[in-house]
Amino acid sequence: MKFKAIVHEAEEGGYWAEVPAIPGCATQGETLDELLANLREAIEGCPSVDLPSSLTSEPGRIVEVAV
(Lines give C-alpha, C1' and ligand atoms only; values in the text may rest on other atoms or scores of the structure.)
Protein backbone atom coordinates (compact mmCIF):
# COMPACT_ATOMS: atom_id res chain seq x y z
CA MET A 1 0.00 0.00 0.00
CA LYS A 2 1.30 3.50 -0.81
CA PHE A 3 0.64 6.77 1.01
CA LYS A 4 1.60 10.31 0.12
CA ALA A 5 3.32 12.37 2.80
CA ILE A 6 4.12 16.08 2.90
CA VAL A 7 7.70 16.72 4.00
CA HIS A 8 8.68 19.99 5.70
CA GLU A 9 12.07 21.32 6.78
CA ALA A 10 12.05 21.79 10.56
CA GLU A 11 13.07 25.21 11.90
CA GLU A 12 15.55 23.59 14.32
CA GLY A 13 17.05 21.41 11.56
CA GLY A 14 16.04 18.09 10.11
CA TYR A 15 12.61 17.32 8.68
CA TRP A 16 9.08 16.51 9.71
CA ALA A 17 6.26 14.98 7.67
CA GLU A 18 2.52 14.43 7.79
CA VAL A 19 0.29 11.91 6.02
CA PRO A 20 -2.94 13.68 4.93
CA ALA A 21 -4.79 10.38 4.35
CA ILE A 22 -4.30 9.43 8.02
CA PRO A 23 -5.36 12.32 10.30
CA GLY A 24 -2.84 12.87 13.09
CA CYS A 25 -0.11 10.78 11.45
CA ALA A 26 3.12 12.79 11.60
CA THR A 27 6.77 12.14 12.43
CA GLN A 28 10.24 13.68 12.18
CA GLY A 29 13.86 12.79 11.41
CA GLU A 30 17.29 14.39 11.30
CA THR A 31 17.88 13.23 7.69
CA LEU A 32 15.53 12.34 4.84
CA ASP A 33 16.48 8.67 5.16
CA GLU A 34 15.66 8.69 8.88
CA LEU A 35 12.42 10.55 8.17
CA LEU A 36 11.33 7.95 5.58
CA ALA A 37 12.05 5.09 8.00
CA ASN A 38 10.08 6.89 10.72
CA LEU A 39 7.23 7.53 8.26
CA ARG A 40 6.90 3.81 7.55
CA GLU A 41 6.65 3.12 11.29
CA ALA A 42 4.18 5.97 11.83
CA ILE A 43 1.95 4.86 8.96
CA GLU A 44 1.84 1.31 10.32
CA GLY A 45 0.97 2.56 13.83
CA CYS A 46 -1.34 5.51 13.18
CA PRO A 47 -4.42 3.74 11.80
CA SER A 48 -5.05 2.19 15.21
CA VAL A 49 -4.76 5.51 17.06
CA ASP A 50 -7.42 8.25 17.11
CA LEU A 51 -5.49 11.55 17.04
CA PRO A 52 -6.52 15.05 15.91
CA SER A 53 -5.37 16.13 12.46
CA SER A 54 -1.92 17.76 12.21
CA LEU A 55 -2.38 19.20 8.74
CA THR A 56 -0.80 22.57 8.14
CA SER A 57 -0.99 25.22 5.45
CA GLU A 58 2.83 25.49 5.27
CA PRO A 59 4.31 24.49 1.90
CA GLY A 60 6.16 21.20 1.75
CA ARG A 61 7.50 18.49 -0.54
CA ILE A 62 5.30 15.46 -1.31
CA VAL A 63 6.83 11.96 -1.14
CA GLU A 64 5.24 8.53 -1.60
CA VAL A 65 5.88 5.88 1.07
CA ALA A 66 5.20 2.16 0.51
CA VAL A 67 4.38 -0.01 3.54
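In which strand is histidine 8 found, and which residues does that strand span?

A: Histidine 8 is found in strand β1, which covers residues 2–9. This is a predicted model, in which local features need pLDDT of at least 70 and side-chain atom pairs count only at pLDDT 80 or more, whereas totals for chains, interfaces and linings use all residues. Residues are numbered from 1 along each chain as its sequence is written, and side-chain values use heavy atoms, with hydrogens and water left out.

With a relative accessible area of 2%, histidine 8 is buried (buried is under 20% relative accessible area, exposed is over 50%, and partly exposed lies in between, for a 1.4 Å probe and protein chains only). The side chain of histidine 8 is joined to that of glutamate 18 by a polar contact of 2.9 Å, where the term stands for a pair of N or O atoms within 3.5 Å, one able to donate a hydrogen and the other to accept it within protein, and where residues adjacent in sequence count only if both atoms are side-chain atoms.

Lysine 4 is also found in strand β1, but at 51% relative accessibility lysine 4 counts as exposed. Once neighbours within four places in sequence are set aside, lysine 4 is in contact (heavy atoms within 4.5 Å) with Glu18, Val19, Pro20, Ile62, Val63 and Glu64.

Helix α1 spans residues 32–45 and includes arginine 40, which counts as partly exposed at 37% relative accessibility. Beyond its neighbours within four places in sequence, arginine 40 is in contact with Val65, Ala66 and Val67.

For the protein as a whole, 31% of the 67 residues count as buried, and of the contacts between residues at least 6 apart in sequence, 50% join residues at least 24 apart.

Note on methods:
Helices (H or I, at least four residues) and strands (E, at least two) are DSSP runs, numbered from the N terminus.
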